[in-house]
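Grab a pencil and keep the viewer open. Work through each exercise yourself before you peek at the solution.

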Amino acid sequence: MDTIDLRSDTITRPTPAMCMAMANAKVGDDVFGEDPTVIRLEEMAAERMGKPAALFVASGTMGNLVSQLAHCRRGDEILLGDQSHVFIYEQGGSAAVGGLHPRILPNASDGTIGLDILEGAIRPDDVHFPRTGLILLENTHNRCGGRVLSPDYVAAVGRLARRNGIRLHMDGARIFNAAIALDRPPADLVAAADSVTFCLSKALGAPVGSVVCGEKRFIAEARRMRKLLGGGMRQAGVLAAAGIVALEEMVPRLAEDHENARRLAQGLTAIAGLVVDMATVETNLVYIKVAHATMTAPVLVDRLAEKGLKVLAASREYIRAVPTYHVSTRQIDAAVRIFRQCLGPA
Ligand code: TLP
């Protein structure tokens, strides 16, 4: 029995073309600025995001952290959503490492934070208060179901930030999924942001790495912060080579993951004890509510695993499933059948 792994798009392994590119990569010491493959990846990334410069980092978490460190001074307040990855899943690095003061604002179910809520949270210049330094948004929004933030909304937050002398950072771990869903270039989606981190090692399939993009001075500071965190990676061209293939070859096929996500969601809506809101399945993430008399999400996850289907419990109530390029449409249909077996007939 082949296991069907829908836990995350982070489980994707490099493609044969990536392995070939890694084996043949021209490398140098990137801390000396001498790795031609890293330099090429950074140029490509900056161009894709419509920003002047870019920095290759080890992970999305590192990209978000160096961005916060580069934008803010210790003691600054950062505004971010209560469902954001930075707040929930990054070990509180903003405070633990950056000395930043997180101000948590409610995410709406579509991943946005109300403009009035953001505006109301900005601190006046008063000796009692921390200074508001940064707003963080996430696109697509992971915990909000892979929802896509509209360029109009991001532009409105960007205007609000500029009016108040605050920076805007985008956790764009899955920004290419958002771009494919909207059929717009990713640069349009981050035009209003001062910086963006996107991941090569999720649905794009590279084994390691994320890229931070922004103005030259910001990237120079982010580079210092990366070194501070021990992220100066020397002959990193071996990794960047796979990232280049990810950008060149893997972006258009994200549409297949989105189709498979919808197919999975559609199949699951017919099963009693599960609730999936089709309207929220915009990209590759499917959140499934377990509305069963006796079974919680973690219990159901264990039963599914026994039958060869791996998914994640996102909470007591919710399961997350993520189709990737390793998973065929037939396996998506098999996944639906395994859910049905574990929950009984509709
Ligand atoms: N997300 C992972 C887990 O950490 C939850 C996943 O399986 O979805 N921003 C967003 C929106 C993310 O979803 C993730 C990873 C990151 C940042 C961090 O990226 P890495 O794992 O490269 O540090």
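How far does a polar side-chain atom of R320 lie from an oxygen atom of the ligand? We'll get there in Exercise 1, after some ground rules. The model is predicted, so local features need pLDDT of at least 70 and side-chain atom pairs count only at pLDDT 80 or more, while totals for chains, interfaces and linings use all residues. Residues are numbered from 1 along each chain as its sequence is written, and side-chain values use heavy atoms, with hydrogens and water left out.

**Exercise 1. Describe the surroundings of the ligand.**

Step 1: Start with R320, which has a polar side-chain atom 2.8 Å from an oxygen atom of the ligand.

Step 2: For T61, the distance from a polar side-chain atom to a ligand oxygen is 2.6 Å. For S8, a side-chain N or O atom sits 2.7 Å from an oxygen of the ligand.

Step 3: Check the cover. On its own the ligand has 510 Å² of accessible area, and the protein covers 82% of that (areas come from the Shrake-Rupley method with a 1.4 Å probe; for residues, only the protein chains shown count as cover).

Step 4: Find the main contributor. Helix α3 (residues 60-71) gives the largest share of the shell, 3 residues. Helices (H or I, at least four residues) and strands (E, at least two) are DSSP runs, numbered from the N terminus.

**Exercise 2. Classify the aromatic pair.**

Step 1: The structure holds 1 aromatic pair. Rings of Phe, Tyr and Trp (its six-membered ring) pair if their centres lie within 6.5 Å; planes under 30 degrees apart count as stacked, over 60 as edge-to-face and the rest as tilted.

Step 2: The ring centres of F176 and F198 are 5.3 Å apart and the planes meet at 85°, so this pair is edge-to-face.

Step 3: Because F176 belongs to helix α8 (residues 175-182) and F198 to strand β7 (residues 195-199), the pair ties together parts that are 22 residues apart in sequence.

Step 4: F176 has 4% relative accessibility, so it counts as buried. F198 has 0%, so it is buried too.

**Exercise 3. Check the span of helix α2.**

Step 1: Helix α2 (residues 36-49) has 14 residues, which should span 20 Å at 1.5 Å a residue. The expected span is 1.5 Å times one less than the number of residues.

Step 2: The end C-alpha atoms of α2 are 20 Å apart, which agrees.

Step 3: Inspect the ends. At the start of α2, a side-chain oxygen of D35 comes to within 2.9 Å of the backbone nitrogen of T37. After α2 comes G50, with a positive phi near 65°.

Notes. A polar contact is a pair of N or O atoms within 3.5 Å; within protein, one must be able to donate a hydrogen and the other to accept it, and residues adjacent in sequence count only if both atoms are side-chain atoms. Buried means under 20% relative accessible area, exposed over 50%, partly exposed in between (1.4 Å probe, protein chains only).
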